[in-house]
Amino acid sequence: MDKLSNNSILFLGLANEYCNALESVETVDKEEFIDHMLKLLPRIYISATDLDLPVIEETYADGVLDEIYYDSVRRNLEMLMGEDDTFLEVFVEDMKFSDTPIAASVSECLADIFQCLYDLIHSVKDIPQDHIVDYLAICRESFDAYWGQTLCNVLRALHSIKYSEKY
């Protein structure tokens, strides 16, 4: 493979922008952060679904993000979101068997997405382009199985925060 597709390059750029936004969450106010996420998350979703990648058999990538850094990012998000960090989750398998609402956390959802995108960005930094596709495929498989739904759920919560109250 000589070069990455435009969609792959776009996705990597959006993943990098997302990671930078979460790593610098302490420098923005809540309204600015929510506005940025409401614009960035849909673009990431569309870009991820537009990735046209070959199926990679038995490919595995070690995680790059350590638990301490993950928790640091999550805590900073939790502090920023304050009382708006918790939302009711409806897309949980156990929900259909539950008599009580199931709570989720904006900060944990965003940090989970961060973990996948951070691992991608830092795994592909210094490798040849033909190997980047493997990491993109791993990230896409993870999107399909997990973080794509997480992104939709947290987007719904952020939309609710933005449009149901005044800052």
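Guide: Arg 74 is buried, having a relative accessible area of 17%. The model under discussion is a predicted one.

Visitor: Why is Arg 74 called buried?

Guide: Buried means under 20% relative accessible area. The value for Arg 74 is 17%, so Arg 74 is buried.

Visitor: What makes Arg 74 and Glu 78 a salt bridge?

Guide: The limit is 4 Å between a side-chain nitrogen of Lys or Arg and a carboxyl oxygen of Asp or Glu. For Arg 74 and Glu 78 the N to O distance is 3.2 Å, so the pair counts as a salt bridge. Four residues separate the two in helix α3, which means about one helical turn. Glu 78 is partly exposed, with a relative accessible area of 36%. A network of salt bridges links Asp 71, Arg 74, Arg 75 and Glu 78.

Visitor: Which parts of the chain does the pair of Lys 162 and Asp 35 link?

Guide: The side chains of Lys 162 and Asp 35 meet in a salt bridge at 2.8 Å, N to O. This pair links distant parts of the chain, with Lys 162 in helix α5 (residues 129–164) and Asp 35 in helix α2 (residues 30–49), 127 residues apart. The count of salt bridges comes to six.

Visitor: How many aromatic pairs are counted, and why is the pair of Tyr 69 and Tyr 118 called tilted?

Guide: The count is six aromatic pairs. The rings of Tyr 69 and Tyr 118 lie 5.7 Å apart, centre to centre, with 50° between the planes. Tyr 69 lies in helix α3 (residues 67–81) and Tyr 118 in helix α4 (residues 106–124), so the pair ties together parts that are 49 residues apart in sequence. Tyr 118 also forms a tilted pair with Phe 114, at 5.3 Å centre to centre and 40° between the planes.

Visitor: How do you know that Cys 116 is in no disulfide?

Guide: The count of disulfides is zero. The cysteine sulfur nearest to Cys 116 is that of Cys 139, 6.2 Å away. A disulfide needs the sulfur atoms within 2.5 Å, so Cys 116 is in no disulfide. Cys 116 is buried at a relative accessible area of 19%, whereas Cys 152, at 33%, is partly exposed.

Notes. Residues numbered from 1 in each chain as written. Predicted model: local features only at pLDDT ≥ 70, side-chain atom pairs only at ≥ 80, totals over all residues. Heavy atoms only, no water. Phe/Tyr/Trp six-rings, centres within 6.5 Å; stacked < 30°, edge-to-face > 60°. Buried < 20%, exposed > 50% of the residue type's maximum accessible area, 1.4 Å probe, protein only.
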